[in-house]
Amino acid sequence: MACLGAFLIGNPTKVNKVKPAPVAAPPVCYHCGADCQPLHLRREDLNFCCEGCYTVFGIIRETGLKGYYELNDNPGATGKPVEAGKYAFLEDESVVEQMLEFRNGNLCKVTFTAPDIHCSSCIWLLERLHKFREGVIKSEVNFGKKEIYLTYNKEKISLRQVAELLAAIGYQPELSLARLEGNQQSRPDRSLWYKIGVAGFAFGNIMLLSFPEYFGLEDLQFTRIFGFLNIILSLPILLYSGIDYFRSAWAGLSKRHINIDVPISLGISVLFLRSLAEIILETGPGYLDSMAGLVFFLLLGKWFQRKTYDFLSFERDYKSYFPISVTRLVRQQEEQIPLSKLKPGDRLLIRSGELIPADGLLLKGQGSIDYSFVSGESDLMAREPGELLYAGGRQERGAIEVEIVKEVSQSYLTRLWNNEVFRKEEQDELGKLTGKVSKYFTLIVILIALISGGIWLVYDAGMALQVFTAVLIVACPCALALATPFTLGTVIRVFSRNGFFLKSPSVVEAIAGADAWVFDKTGTLTQTGSSEVNYEGDPLQADEITALCSLLRQSRHPLSRRLYAELPESGMQLVSDFEEFGGKGIKGEAGGVKLQVGSADFVGATSRLPNAGSVQREGSEVWVRTGDRIRGHFRVEHPYREGISEMVGGLEGQDLWILSGDNEREEALLKTVFPPGTAMHFRQSPEDKLRFIRDLRAEGRSVVMVGDGLNDSGALKQSDVGISIAEDVSAFTPASDAILSGQAVRRLGDFLSFSRTGIRVIKASFALSFLYNLIGLSFAVTGNLSPLVAAILMPLSSVTIIAFTTLLTQYLAHKKGL
Amino acid sequence: MSVMYILIGCSVVIALGFLGAFLWSVKNGQMDDTYTPSVRMLFDDALPEARPEKEVAEAEES
């Protein structure tokens, strides 16, 4: 779990910094670090949590790669079962053709994405893949992108076998529609590097050629030559390195919107034109060194911002949620085909839990579709045979047969994804604060330029133009452009170190401005992971337990998963007539046993409740009914997360709400933890939560919703900031703006106050930049802005702003213990 | 002082050479992943990695 930190920030050495909650040390799996309960395997003096982990350990050890375990503690990923046929479609030649990036004879190169890469051991192991199987020639890992570049000999190993090998050692490669379609998309954007290279080259050389000017040496012969050389050197900056600023300013202006690139472009062009004039007319050396420096520093700022964004890539393209292969039925025979081969008229078998890839007509089976990816509502939509099913939903109960009527259409899917529910207000890349200030900045600067130029016009017309341009040159918005990315980028890194992962820097601003906090209960305030499970009632037979396990496996509800993990592994049976009733229970038949599992009401056990209505005991009850007999129930205690009271204490002064889908059972307990007067609403459906948040926002409040993402994706998206608590990375939801690791929940108050600190640092750096501008303007307005002064002032302001923001933020974080 | 012309000329050429080298390294993909190499170089490698070139040649021939 601590590895989630490395997952997203890409810094393995910091993995162990997320301090685990202090518990009496239960045995921990040597391979993956998970709790060894309930199935404690002890082999060769080491602890393992399951057969899967032990198997992977064995494979790794046999290949002589024990170094994997020496580099990091518990580097493995908690075993994910792989279905046997998962990579079967890779046998298809056309699929292989599309996936390969290069082929020469038998030499093949391919890129796989393996999200389980999270630490240096992973890199170490995966780059020694050739030791596992002959046929794999070379493998290289790109940690930031979680990709593996493989070179293999197709005669000795097939693409399918490569994928299965990766899965066998715990790094299941993820293959998605996006990858299958465009290998071109993996070409990284290198233009920023080129631009920085050119800008740096020009900056350094122009400065060198400007040295005589700095020392006040006059030699007409060389002044002319150097001047022209400078012009030549500055052309690539104007026309290439700085071109994005012009484009963006133009784009903004054409929409009658002044963004921060407007004053920047203005500054660059005035610098260039005035310098050009001075050099040609031989009235001065020009300011080309300042111009080059300006562009260079701005590009550095952009690069830093990009680096921060790259690490935060957990907003996956919608395409990666779509299946890559589907089961087509041809005359009752099932065959796996890649998605791209799907045509209207094809008949598909869509099993429980699988996604519907394209619009289709429901032919057979009961449709029970979860459209939460598409609409945010996780209530199941019932569909009868004959009805049209839209792409993007997930079938939940049992298998259905669908006839495809429309091509897999990217445009439709894109439109769905861009649905209002999923789009938040467009944010200026540099944040709201910068946007506000830059608007006024330009206007004020132009005003000052005009006024001072005008005043000089009266006294000395020659100076007027000089002063006018000088003001435009020296009024540097670079501090504005640099302060925000550097400060927020540092804040994000600080947060990541502490288990709080934000999607983008603008989330920091959103959190700082929050004044309403809404909490989900189950899975958020409670920790379904390590709850105690006890059974009361008629003991179940072995075959009944097997049937129960098989049934539980079909459901993704946290209680089902918890029970499934708790019960002893005992083989799987085929489940028929599976149905899940959201929030109430599941039923089905397995191994000849008809089972109903769920709440007391669901199973019909209300009359059996001993003290119905009186003392509320903590925990959820999962009742089991086999056939006609009610057997008993499991009691799953919900321990509240450690540190909840600490978290609440940290949020003092904020308005808090609790919305829970559960009943009022735990209201009394919650009241002791949360401040008096905290409104608590129970039995909330996902729509209720969504509506509640919407209403709060309509009142003008800035809402932060903290949930676990399972059935609050709609609400998370509605709020200004949606935070999902992650115990298990695979349960991640696309609707959240931030992920909070379970252990970091207690520090939520600290994160809030540090976000505010970050905003204050930005404001302070704005103040600093205004100071510089004032000094610079005083030179400019009095006509004293020599190139030397400009050359000193402008880089100085940029560098000090960068240093100031970064160092101050780090220092304040350190003081806060972050 | 006319040697300055030669000096300036030479230094510009050399500087352009360095710029060219940088641009080539970017094009070659050396700047795509600046993080993993920093981790990779700290690994201890017990065995020499002589196989890859041989295997590549072998694979390409067939």
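Which residues have the most contacts inside the largest nonpolar core?

## The cores

They are A:Trp517, A:Phe519, A:Phe674 and A:Leu748, in a core of 110 residues. A nonpolar core here is a set of buried Ala, Val, Leu, Ile, Met, Phe, Trp, Tyr and Cys residues joined through side-chain atoms within 4.5 Å, with buried meaning under 20% relative accessible area (1.4 Å probe, protein chains only). Helix H17 (residues 478-497) of chain A gives this core its largest share, 12 residues; helices are DSSP runs (H or I, at least four residues), numbered from the N terminus.

Leaving aside residues up to four places away in sequence, A:Trp517 touches several residues, including A:Leu651, A:Trp657, A:Val706 and A:Leu748 (contact means heavy atoms within 4.5 Å). Another core, of 52 residues, lies apart and has A:Cys119 and A:Tyr171 among its members.

## Where the chains meet

Now to the interface: 39 residues of chain A are in contact with 33 of chain B. Together the two chains bury about 3,200 Å², 63% of it on carbon and sulfur atoms; this is accessible area (1.4 Å probe) lost on being put together, summed over both parts. On the chain A side, A:Trp193, A:Phe201 and A:Phe222 lose the most area to chain B.

Two salt bridges cross the interface, counted when a side-chain nitrogen of Lys or Arg is within 4 Å of a carboxyl oxygen of Asp or Glu. One of them is formed by A:Arg190 and B:Asp32, at 2.6 Å, N to O.

## About the model

This is a predicted model: local features need pLDDT of at least 70, side-chain atom pairs count only at pLDDT 80 or more, and totals for chains, interfaces and linings use all residues. Residues are numbered from 1 along each chain as its sequence is written, chains are lettered from A and ligands numbered from 1 in the order written, and side-chain values use heavy atoms, with hydrogens and water left out.

Key: Buried means under 20% relative accessible area, exposed over 50%, partly exposed in between (1.4 Å probe, protein chains only). Helices (H or I, at least four residues) and strands (E, at least two) are DSSP runs, numbered from the N terminus.
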